[in-house]
Amino acid sequence: MPVISVAGSAFTVTIGATAYSAQVTKGTINLKNTVTRVKTLTDVAYATTDKDGGLSIEAIYDDETGLLGALTTAMTAGTSVSVTIVGGDTKWTGTAMYVETCDSGFDATNLATISATFTGVMSVTDNP
């Protein structure tokens with residue numbers, strides 16, 4: 001089967017009901033299983049005890065009325081947000097992602113950015 005390359009700009013990022021694809025400049029999705037080693041009478045078994053995930057994004061700063069506002073509101077309230085990321089024919093979905101960090105940065109070139117990390121369970125499916 002041939003490999004299909006997908007450019008970073010072809011990813012769509014939706015948080016809540018709003019698409020931030022033109023604003024997000026970088027992202028990383030982490031899927032994690034907690035695997036426990038269990039010693040049996042004759043061998044060793046491995047059991048998956050927990051599924052977890054994470055997401056980090058970097059975006060262009062947009063003031064408190066856009067992405068920054070949505071993230072800090074969810075973080076302050078302790079509520080989750082839904083996250084959907086589509087790249088090529090793959091779709092990652094996190095229905096209850098919690099904002100762990102939300103940072104604003106700026107540099108000497110006058111570029112202001114937002115970076116945020118999320119934790120929660122993300123699933124990956126085929127996007128028809």
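Is Q23 buried or exposed? At 13% relative accessibility, Q23 counts as buried. Buried means under 20% relative accessible area, exposed means over 50%, and partly exposed lies in between, with a 1.4 Å probe and protein chains only.

## The model

This is a predicted model, in which local features need pLDDT of at least 70, side-chain atom pairs count only at pLDDT 80 or more, and totals for chains, interfaces and linings use all residues. Residues are numbered from 1 along each chain as its sequence is written, and side-chain values use heavy atoms, leaving out hydrogens and water.

## Overall build

The protein has 1 helix and 8 strands. Helices (H or I, at least four residues) and strands (E, at least two) are DSSP runs, numbered from the N terminus. Their order from that end is β-β-β-β-α-β-β-β-β.

The radius of gyration is 18 Å, whereas a compact globule of 128 residues would have one near 14 Å. That radius is taken over C-alpha atoms, and the globule rule is 2.2 Å times the number of residues to the power 0.38. The C-alpha atoms fill a box of roughly 65 × 40 × 30 Å along the principal axes. Of the 128 residues, 24% are buried.

## Strand pairing

Two strands pair if DSSP finds at least two bridges between them. β3 (24-39) and β4 (44-60) run antiparallel, joined by 15 bridges. They form a hairpin with 4 residues between them. R37 has Y46 in β4 as its bridge partner. β4 also pairs with β7 in the antiparallel sense, over 8 bridges. Here E58 stands opposite S115 in β7.

Strand β5 (residues 81-87) is mostly covered, with 5 of its 7 residues buried. It pairs antiparallel with β1 (residues 12-15) over 4 bridges. V81 has M97 in β6 as its partner. β5 and β6 form a hairpin with 2 residues between them, and G88 in the turn has a positive phi of about 65°.

## The nonpolar core

In soluble globular proteins, nonpolar side chains tend to be buried together. In this model the largest nonpolar core has 22 residues. Such a core is a set of buried Ala, Val, Leu, Ile, Met, Phe, Trp, Tyr and Cys residues joined through side-chain atoms within 4.5 Å. Those with the most contacts inside it are I15, L55, I57, L67, L71, V83 and F118. The elements that give two or more residues to this core are β1, β4, α1 (67-77), β5, β6 and β7.

L67 touches I15, Y20, Q23, I57, A59 and D62, not counting residues up to four places away in sequence. Contact means heavy atoms within 4.5 Å.

## Two loop residues

Q23 sits in the loop between β2 (18-19) and β3. Its side chain makes a polar contact with the side chain of D62 at 3.1 Å. A polar contact is a pair of N or O atoms within 3.5 Å; within protein, one must be able to donate a hydrogen and the other to accept it, and residues adjacent in sequence count only if both atoms are side-chain atoms. Beyond four places in sequence, Q23 is in contact with residues including E58, L67 and I114.

D107 lies in the loop between β6 and β7 (112-120). D107 is partly exposed, with a relative accessible area of 38%. The D107 side chain reaches the backbone nitrogen of L111 at 3.2 Å.
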